[in-house]
Amino acid sequence: MNERLVEFLFRSEVAKLPDDKRELYQFIVNIEDSLAEKAENAEEFCQLLIKYSPVNLAASRFNLSYDKVVQRIEAIDAELHEKIETRCQRVEWIDYTKHFPLVEGKRVFLFKN
């Protein structure tokens, strides 16, 4: 499956999450992304994750225990994975090249999900 398509489906499913799940999930992902940008390599990224634990920050921000944050994030990840797998199985690419004769040398597809 195309990496961009999976990324699109993923963003789409995150946006559909209930507010509480989406906010928690995006909070942690945003912190992880920020730490990844600061890190120069994988080892430094791991050190930053330990120093600025996204789970600890989320626990404080959302007034939850560490274990509860981990439990909820794991459940959200599982839910997203299941929904994306289902959508990937339904995906269809329909060749529409013959309907767009002005696009020479390129193929045109309709994405149906």
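Student: Which residues is E13 in contact with, leaving aside its neighbours within four places in sequence?

Tutor: E13 contacts L80, K83, I84 and R87, where contact means heavy atoms within 4.5 Å. This is a predicted model, in which local features need pLDDT of at least 70, side-chain atom pairs count only at pLDDT 80 or more, and totals for chains, interfaces and linings use all residues. Residues are numbered from 1 along each chain as its sequence is written, and side-chain values use heavy atoms, with hydrogens and water left out.

Student: What makes the link between the side chains of E13 and R87 a polar contact?

Tutor: The distance is 2.9 Å. A polar contact is a pair of N or O atoms within 3.5 Å; within protein, one must be able to donate a hydrogen and the other to accept it, and residues adjacent in sequence count only if both atoms are side-chain atoms. The E13 and R87 side chains are therefore joined by a polar contact.

Student: Why is E13 called buried?

Tutor: Buried means under 20% relative accessible area, exposed over 50%, and partly exposed in between (1.4 Å probe, protein chains only). E13 has 5%, so E13 is buried.

Student: Is F8 buried, exposed or partly exposed?

Tutor: F8 has a relative accessible area of 39%, so F8 is partly exposed. F8 touches R87 and F111, not counting residues up to four places away in sequence.

Student: Why is C88 called buried?

Tutor: C88 is at 17% relative accessibility, so C88 counts as buried. C46, at 44%, is partly exposed.
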